[in-house]
Amino acid sequence: MAAKPQRESEQEVRSWGFLHVFTWTDARKNAYYSPHSHAGLTTHLIRKGQLTMTYPKEKGSEKKTYTVGHRIDVEAGRVHEVWMGPEGCTYVIGE
């Protein structure tokens with residue numbers, strides 16, 4: 001699936017009610033973000049590449065990989081751990 005143009009993707013995330021919206025690129029192949037959380041709800045709309053996420057404090061949580069077009073919402077305070085794919089990842093973030 002081809003990603004929408006960046007401006008269109010950002011507008012889509014705004015339409016979901018997020019006021020702070022921006023596109024982020026993790027160009028580092030296989031970048032890793034240790035377990036962390038955010039103060040508010042965040043969303044991630046994958047535009048290029050992939051990311052894998054898990055919730056390490058939740059019993060039975062498994063790693064799940066998301067690719068172009070997927071939306072991932074992470075609730076405020078929910079601890080998550082993230083790995084970028086072998087091509088890195090570009091995604092629109094809504095906060």
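Reply: Let's start with a definition: a residue counts as buried when its relative accessible area is under 20%, as exposed when that area is over 50%, and as partly exposed in between. Keep in mind that we are looking at a predicted model.

Me: Thanks! Is Ala31 buried or exposed, then?

Reply: Ala31 has a relative accessible area of 4%, so Ala31 is buried. You will find Ala31 in the loop between β1 and β2.

Me: Which residues is Ala31 in contact with, leaving aside its neighbours within four places in sequence?

Reply: Contact here means heavy atoms within 4.5 Å. With those neighbours left aside, Ala31 is in contact with Val82, Trp83 and Met84.

Me: What is the phi value of Asn30 near?

Reply: Phi of Asn30 is near 60°, which is a positive value in a residue other than glycine. Asn30 lies in the loop between β1 (21–26) and β2.

Me: Let me try other loops. Is Glu62 buried or exposed?

Reply: Compare its value with the cut-off: Glu62 has 65% relative accessibility, so Glu62 counts as exposed. Glu62 sits in the loop between β3 and β4. Leaving aside neighbours within four places in sequence, Glu62 is in contact with Met53 and Thr54. The C-alpha atoms of Glu62 and Thr52, 10 residues apart along the chain, are separated by 9.9 Å.

Me: And where is the place of Gly69?

Reply: Look in the loop between β4 (64–66) and β5. Gly69 has a relative accessible area of 40%, so Gly69 is partly exposed.

Me: How should I read the faces of a strand?

Reply: The general idea is that side chains in a regular strand alternate between the two faces of the sheet. Now turn to strand β5 (residues 71–74): Ile72 and Val74 make up its covered face, while Arg71 and Asp73 make up the uncovered one.

Me: In what sense do β3 and β5 pair?

Reply: Strand β3 (residues 42–54) pairs with β5 in the antiparallel sense, over 4 bridges. For one partner to find on screen, take Leu45: its bridge partner in β5 is Arg71.

Me: What is the idea behind a nonpolar core?

Reply: In soluble globular proteins, nonpolar side chains tend to be buried together. In this model, the largest nonpolar core has 13 residues, and those with the most contacts inside it are Ile46, Leu51, Met53, Ile72, Met84 and Tyr91. The elements giving two or more residues to this core are β3, β5 and β6. Of these, β6 gives the most, with 5 residues. There is also a second, separate core of 5 residues, which includes Val13, Phe18, Val21 and Val92.

Me: Which residues does Leu51 touch, not counting those up to four places away in sequence?

Reply: Among them are Ile46, Ile72, Val82, Met84 and Tyr91.

Me: How many aromatic pairs does a search of the whole structure find?

Reply: The search finds 1 aromatic pair. Its members are Tyr32 and Trp83, with 5.5 Å centre to centre and 40° between the planes, which makes the pair tilted. The pair links distant parts of the chain, 51 residues apart: Tyr32 is in strand β2 (residues 32–36) and Trp83 is in strand β6. Tyr32 is partly exposed at 38% relative accessibility, and Trp83 is partly exposed with a relative accessible area of 22%.

Me: What lies over the face of Trp83?

Reply: Lys63 does, at 4.0 Å from the ring centre. Another case is Arg78, which lies over the face of Tyr55 at 3.5 Å from the ring centre.

Me: Let's finish with His80. Is His80 buried or exposed?

Reply: At 2% relative accessibility, His80 counts as buried. His80 lies in strand β6 (residues 80–94). A polar atom of the His80 side chain lies 3.0 Å from the backbone oxygen of Arg78. Not counting residues up to four places away in sequence, His80 touches several residues, including His36, His38, Met53, Tyr55 and Val74.

Technical notes:
Residues are numbered from 1 along each chain as its sequence is written. This is a predicted model: local features need pLDDT of at least 70, side-chain atom pairs count only at pLDDT 80 or more; totals for chains, interfaces and linings use all residues. Side-chain values use heavy atoms; hydrogens and water are left out. Buried means under 20% relative accessible area, exposed over 50%, partly exposed in between (1.4 Å probe, protein chains only). A polar contact is a pair of N or O atoms within 3.5 Å; within protein, one must be able to donate a hydrogen and the other to accept it, and residues adjacent in sequence count only if both atoms are side-chain atoms. Rings of Phe, Tyr and Trp (its six-membered ring) pair if their centres lie within 6.5 Å; planes under 30 degrees apart count as stacked, over 60 as edge-to-face and the rest as tilted. A charge sits over a ring if NZ of Lys or CZ of Arg is within 6 Å of the ring centre and within 35 degrees of the ring normal. Two strands pair if DSSP finds at least two bridges between them. A nonpolar core is a set of buried Ala, Val, Leu, Ile, Met, Phe, Trp, Tyr and Cys residues joined through side-chain atoms within 4.5 Å.
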